[in-house]
Amino acid sequence: MAVVRFHLASTLTPADALAVLTDFGPARAETWPTIDADHFEVHAQGDTWAEVTEGTAAAWERARYDWEPGGDTVTITTLDSKLFGPGGGWVFRMTPEDGGTRVDVQLTRQPDTLKGKMLASMLPLAAPPALRKSFAGPLQAK
């Protein structure tokens, strides 16, 4: 199992950061650089959850998002993934800080193939800078 942790300093309020993470409207593929329209589908959605497939041809993931309105955490459970299979996921925790929000991110991968295990072994070193860069725009990080 690979675990990656990092944080971002966002200019958004915690509520606005939560709204960006949980907006599954048609503009999602335009907002997030790691999602293309051909690999974005909302399968089902409720007031505090959504099940979606998102990503690119190279790396897509079907996941369940869970959050509380007015809460500070979005938990994403990986149901299936091209690279890693089911298991693991993401946790985004928002904390007010210096007029904005500290967004703590934890990514967990539980690969079930040799290729997935090799990729997962590189995640702790390679992933934080790339993920910070891809999340900086949507989450308005400094």
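Tutor: S2 and S3 are joined by a hairpin, with 3 residues between the two strands. This is a predicted model. S2 covers residues 41-45, and its pairing with S3 is antiparallel, over 4 bridges. Within that pairing, Val-42 has Val-52 of S3 as its bridge partner.

From S3 the account leads on to the core. The largest nonpolar core has 34 residues, and those touching the most other members are Val-74, Trp-90, Phe-92, Met-94, Phe-135 and Leu-139. S3 (49-55) is among the elements that give two or more residues to this core, as are S1, H1 (14-21), S4 (60-67), S5 (73-81), S6, S7 and H3. The element that gives the most is H3, with 5 residues.

Phe-92 shows some of these contacts in detail. Leaving aside residues up to four places away in sequence, Phe-92 touches Leu-21, Asp-72, Thr-73, Val-74, Ile-76, Val-103, Asp-104, Val-105 and Phe-135.

Phe-135 is also one of the buried residues of H3, the others being Gly-116, Ala-120, Leu-123, Ala-127, Pro-128, Leu-131 and Ser-134. Their cover includes the strands S1 (2-10), S6 (89-97) and S7 (100-109).

H3 itself runs over residues 114-136, 23 residues in total, and spans 31 Å from first to last C-alpha, close to the expected 33 Å. H3 has a kink of about 65° at Leu-123, shortly before the proline Pro-124.

Technical notes:
Residues numbered from 1 in each chain as written. Predicted model: local features only at pLDDT ≥ 70, side-chain atom pairs only at ≥ 80, totals over all residues. Heavy atoms only, no water. Expected span 1.5 Å × (residues − 1). Bend = angle between axes of the 7 residues up to and from the residue. Buried < 20%, exposed > 50% of the residue type's maximum accessible area, 1.4 Å probe, protein only. Contact = heavy atoms within 4.5 Å. Core = buried A, V, L, I, M, F, W, Y, C linked by side-chain atoms within 4.5 Å. Pairing = 2+ DSSP bridges.
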